[in-house]
Amino acid sequence: MSFIETRGNDGVKPNEVEFSYAILNPMASFGGLYVPKELPNLGADFIADHIDKNYKELAFDILKAFKIDIDDSDINTALNLYDNFDDAQNPSPVVKIKDDLFVNEQYHGPTRAFKDMALQPFGSILSSVAKKMGENYLILAATSGDTGPAALNTFKNKDGIKVACLYPDGGTSDVQKLQMVTEDGSNLKVIGINGNFDDAQNALKRLLDSDTFKAELAKNNMKLSAANSVNFGRIIFQIVYHFQSYLELLRQNEITLGDEIYINVPSGNFGNVLGAYYARLMGLPVKKLLVSSNENNILTQWLTTGMYDIRGKKLILTKSPAMDILKSSNIERVIYDMFGAARTKELMESLNTNGYFEHTSEELAQLNDIFSATCSDDSFGLKTIKTFLDNGYLTDPHTASCIKAYDELRDDKDIKTVIYSTAEWTKFSSTVLNALNEDNIKHKDIDALEVSLKTMEQLYHNQLMIYLMQKLIMIQLLIKKILKRNSFCLDKLNSIFN
């Protein structure tokens, strides 16, 4: 399958490229991105054929449907990295938390965040392609907290690969920062910048598009690529787990084949939602994609008004830092798919030059056929964490933001919803402790982890005792009903329970 460019071709780069070229050279003409020329059609038969297959088999078949120019042995080697997750057969389990609400837990990999789902196999494939070509690569990564640890982990000590990771100093959790700065790979460099994620990502894109920088690297026999979702090698693996969500609901007898579902994603750079968008185009029965944002509500503004406007807008540092983003790279791929290369180039150049762009009413209506969006603040997130913990489920602040969309954006309440839990709560223990204590005190993560674990140990102990007492009462009532006609036995039973 060929890959083409979102902003058209500049007459210098190839008009169409293979997958291996696109992942090694992720920036396309005019600063655009690579996208598949066409998408495979994976309908009901494909889904039915995979009900009894595991995650690696599903991923292999989806990658093969794209007809990527990667050897099967290299694909299998990459997918075998899921063996290092908590459950090799099901690396992103789907858990029921309400009758119509399910959580796809994407944090069961080595760095406890959803970026492992894509970056573990992607890193293996990119490394194998570079090695076969006999080339050395510098991999750039810009992170708001989770891409960095996952990229560093997957590329650590890979032959012919060096990694430079940019992160906003002070803009990640303590755990996320420690995951990066304590990595011991000899080929890794971690750089904290005075700025935010948008600054880091802008620097990454400028370097990827800089002929001067590439020429300097060439002097040292190095080429340049990226680990961020500007690279379609990331996106292709992010399609897989949306099919997995649907298959899990089928396996749990929560839906029947052909039923639609809602997919509800906490979003910053729009890569996770883009994977769901492609899955829907490929035949996954999705009613609508619900986009959840924090106080940096640029995506909500875009999808509700048609205006993407960052003029004078200052990034807000929130308790859900992975969504602290104002320039979401992957909206470009959606705009291209809906409106074509010329319109994409026009809108993206307006955003880069003027700080905004605006859709027509017809374009906005087309977006709203597929996407709905809302945003929430830290206060909502803390209350949601506490509410769900009181009911026996613990979530991180990004996942908590999805509950507002679940409450407000579903047109059909009978349709099941899958929300995506993008990080384990331990990466944001200070926020979880704020939720438990109903305060806003800033804690060091190590202190918050210790206190949170003790608090939850007591909470779950109490919940277990309440649960056992409830079951005991039910048993008592059942036995009383059975022995109702025997007053002697009933008297003895009452004496036992009392």
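**Sheet and core, definition by definition**

Me: Which residues does Phe-371 touch in this predicted model?
Reply: Leaving out residues up to four places away in sequence, Phe-371 touches Phe-270, Val-273, Tyr-277, Lys-288, Leu-289, Val-291, Leu-303, Val-334 and Met-338. Each of these counts as a contact because heavy atoms lie within 4.5 Å.

Me: What makes Phe-371 stand out in the largest nonpolar core?
Reply: That core has 105 residues, and Phe-243, Trp-302 and Phe-371 touch the most other members. Its largest share, 12 residues, comes from H10.

Me: Why are E9 and E14 called paired strands?
Reply: Pairing takes at least two bridges. Strand E9 (residues 261-266) and strand E14 (residues 417-421) are joined by 3 bridges, so they pair, and they run parallel. Ile-263, for instance, has Val-418 in E14 as its bridge partner.

Me: What makes E3 and E13 edge strands?
Reply: The open sheet has 6 strands in the order E3-E4-E14-E9-E10-E13, with mixed pairing. Strand E3 (94-98) and strand E13 (371-375) each pair on one side only.

Me: How do you know that helix H10 packs on the sheet?
Reply: Helix H10 (residues 232-251) touches E3, strand E4 (101-105), E9 and E14. The direction of H10 makes about 130 degrees with that of E14.

Key:
Residues are numbered from 1 along each chain as its sequence is written. This is a predicted model: local features need pLDDT of at least 70, side-chain atom pairs count only at pLDDT 80 or more; totals for chains, interfaces and linings use all residues. Side-chain values use heavy atoms; hydrogens and water are left out. Helices (H or I, at least four residues) and strands (E, at least two) are DSSP runs, numbered from the N terminus. Axes are lines fitted to C-alpha atoms, for helices over the stretch in contact, and angles run from 0 to 180 degrees between N-to-C directions. A nonpolar core is a set of buried Ala, Val, Leu, Ile, Met, Phe, Trp, Tyr and Cys residues joined through side-chain atoms within 4.5 Å. Buried means under 20% relative accessible area, exposed over 50%, partly exposed in between (1.4 Å probe, protein chains only).
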